[in-house]
Amino acid sequence: MASTSGPAEPRVHDDRPTRTFGPPASVVIGTLVTALVFVVVLEFLVIISFVGQRLWRDEALFRDALFTLPLVLWVIVAVLATAVTLRVLTAWLQVDEEGFTLRSLLRTPRTATWQQVGRVIAVRDISRGTSAGEMLDAPDTLYDGVYVMDPADRRMLAVPSRLFGPRAQDMVLQRAREAQVRIDHIDAITPAELRQQVPQAMNFVDRHPQLLLLALVAFYVGHNLLTFIVWGL
């Protein structure tokens, strides 16, 4: 791990007073595809069983809790997937010389001035098995994460490149530097090391993506198995 602190100049200086960033096209498409997979593809057995057997006509629906459970779980999945999709697609980050604002549907707006910021942590590579050659070939402006922390080292804002792109990260670093906010640059670090150094920089999902994946797999396997047992084919 290598870490430095101080005013390293960004590659591109943007003099526009206010910049607004939203999800790029790749994120929009990826989010819509992911939502479709979660709601339709992984729930295909539930949907085909419900539609194929015309279960909306069954008298047990909404009267028998176990019989209704597969449908209720599918509705919950659809609602959660829609909520997450709207939250991602409507996200926009506004950065200027005064501070920043993050807004989206189903999210409490986050607004702060640079005077309220304790430091900014720019992590180029949160190591998940990346080779040294890949790190050397990585663009200078691309960070795995840029984290804006308050004076108590609580996370105020996370700017991942996959959601807002490297230009947004550069703008956050540029405005923080102009406001004389401390910036800590980290070349490479593991999630465990980052959690040890700055416990609140990463949320639970960032720290345990494999655990989330396993939970999703277990849920979908269990839901489809329950559907097969209760509704049959």
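How many salt bridges does a search of the whole structure find? The search finds seven, where a salt bridge is a side-chain nitrogen of Lys or Arg within 4 Å of a carboxyl oxygen of Asp or Glu.

Some ground rules. This is a predicted model, in which local features need pLDDT of at least 70 and side-chain atom pairs count only at pLDDT 80 or more, while totals for chains, interfaces and linings use all residues. Residues are numbered from 1 along each chain as its sequence is written, and side-chain values use heavy atoms, with hydrogens and water left out.

Now the network. Salt bridges link Arg-119, Asp-153, Arg-182 and Asp-184. Within it, Arg-119 pairs with Asp-184 at 2.5 Å, N to O. Arg-119 sits in strand β6 (residues 119–126) and Asp-184 in strand β9 (residues 182–189), so this pair ties together parts 65 residues apart in sequence. Strands are DSSP runs of E, at least two residues; helices are runs of H or I, at least four; both are numbered from the N terminus.

On accessibility, buried means under 20% relative accessible area, exposed over 50%, and partly exposed in between, with a 1.4 Å probe and protein chains only. Arg-119 is buried at 13%, and Asp-184 is buried at 5%. Asp-184 also bridges to Arg-182 at 3.0 Å, N to O; Arg-182 is partly exposed at 48%.

Next, another pair. Asp-206 and Arg-162 form a salt bridge at 3.9 Å, N to O. Asp-206 belongs to helix α8 (residues 204–207) and Arg-162 to helix α5 (residues 161–164), a link between distant parts of the chain, 44 residues apart. Asp-206 is buried at 18%, whereas Arg-162 is exposed at 57%.
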